[in-house]
Amino acid sequence: MPEKYVERVLLTKEEIQKRVISLGQQISNDYAGKELLLICVLKGAVVFLSDLMRAITVPVFIDFMAVSSYGAATESSGIVRILKDLDCSIDNRHCLIVEDIIDTGLTLLYLKENLLSRKPASLKIVTLLDKPDRRRVDIEPDYCGFRIPDEFVVGYGLDFNECYRSLPDVCVLGEK
Ligand code: PRP
């Protein structure tokens, strides 16, 4: 298998920080006077969550879900298994799913339908990164940090085989 290496920076930590602050302001305006439950999809979204929650000025609560796709490791199959469910009930609460990246959209489509069946007051999606070229189902984020081309990215929470999550920038992975 070809060796992977960090080829170049796609988004600097300064660009990310600026955009996350702006997303936080937009979300705070939209949810003014309300409380918000941020539902973080493990693991990639934890870095984004930790910055975003501090940029939101309305009262926020956090909870976590872990999911995994059956099938090939590199491609979503659409069949999603819940590895860790929410600790709390979302009945009648304003919920915002926090994702690091939307690729095919299969994970999010499953999550959205699953969570809607629990009767939240509202359910929206925020993603740091969106790869629209890869979409296989009709799902769009309500808030998006950056639309990016179809390149393999790591850093700021995103991994390749569990590596590179701690890089402060979003970087493109190349092959040697
Ligand atoms: C990533 C990402 C989304 C999903 C998006 O998670 O966080 O949950 O893939 O892909 P899709 O739009 O094609 O369904 P991943 O499975 O890499 O897990 P991780 O966050 O733990 O790294």
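**Reading loops, ligand and rings in a predicted model**

Me: Asn92 lies in the loop between strand 4 (80–84) and strand 5. What counts as a strand or a helix?

Reply: Both are DSSP runs numbered from the N terminus: helices are H or I with at least four residues, strands are E with at least two. The model is predicted, so local features need pLDDT of at least 70 and side-chain atom pairs pLDDT 80 or more, while totals for chains, interfaces and linings use all residues. Residues are numbered from 1 along each chain as its sequence is written, and side-chain values use heavy atoms, with hydrogens and water left out.

Me: Where does Asp159 lie, and how far is its C-alpha atom from that of Gly44?

Reply: Asp159 is in the loop between strand 8 and strand 9. Its C-alpha atom and that of Gly44 are separated by 7.2 Å, though the two residues are 115 apart along the chain. Asp159 is partly exposed, with a relative accessible area of 22%.

Me: Where is the cis peptide bond?

Reply: A cis peptide bond joins Leu42 and Lys43, with omega at about -5 degrees. Lys43 is in the loop between strand 2 (36–42) and helix 2 (46–54).

Me: Which residues come nearest to the ligand?

Reply: A residue is near a molecule if one of its heavy atoms lies within 4 Å of it. There are 15 residues around the ligand, and Glu99, Asp100, Thr104, Gly105 and Thr107 come nearest. By type, the shell divides into four nonpolar, five polar and six charged residues. Here Ala, Val, Leu, Ile, Met, Phe, Trp, Tyr, Cys and Pro count as nonpolar, Asp, Glu, Lys and Arg as charged, and the others, Gly among them, as polar.

Me: Which elements supply the shell around the ligand?

Reply: Strand 5 (94–102) and helix 3 (106–116) each supply at least two residues. Strand 5 gives the most, with four.

Me: Which atoms of Glu99, Asp100 and Gly105 lie by an oxygen atom of the ligand?

Reply: In Glu99, a polar side-chain atom lies 2.6 Å from a ligand oxygen atom. In Asp100, a side-chain N or O atom is 2.5 Å from a ligand oxygen atom. In Gly105, a backbone N or O atom is 2.7 Å from a ligand oxygen atom. The ligand taken alone exposes 500 Å², of which the protein buries 76%; accessible areas come from the Shrake-Rupley method with a 1.4 Å probe.

Me: Where is Asp100 found, and is Asp100 buried or exposed?

Reply: Asp100 is in strand 5. Its relative accessible area is 9%, so Asp100 is buried. Asp100 and Thr127 are 27 residues apart in sequence and 5.4 Å apart in space, C-alpha to C-alpha.

Me: How many aromatic pairs are there?

Reply: Rings of Phe, Tyr and Trp (its six-membered ring) pair if their centres lie within 6.5 Å; planes under 30 degrees apart count as stacked, over 60 as edge-to-face and the rest as tilted. By this rule there is one aromatic pair. The ring centres of Phe152 and Phe160 are 5.7 Å apart and their planes stand at 90 degrees, so the pair is edge-to-face. Phe152 is partly exposed, at 42% relative accessible area, whereas Phe160 is buried, at 19%.

Me: Which charged residue sits over a ring?

Reply: A charge sits over a ring if NZ of Lys or CZ of Arg is within 6 Å of the ring centre and within 35 degrees of the ring normal. The charged end of Arg93 sits over the ring of Phe61, 5.5 Å from its centre.

Definitions and conventions:
Buried < 20%, exposed > 50% of the residue type's maximum accessible area, 1.4 Å probe, protein only. Polar contact = N/O pair within 3.5 Å; in protein donor to acceptor, adjacent residues only side chain to side chain.
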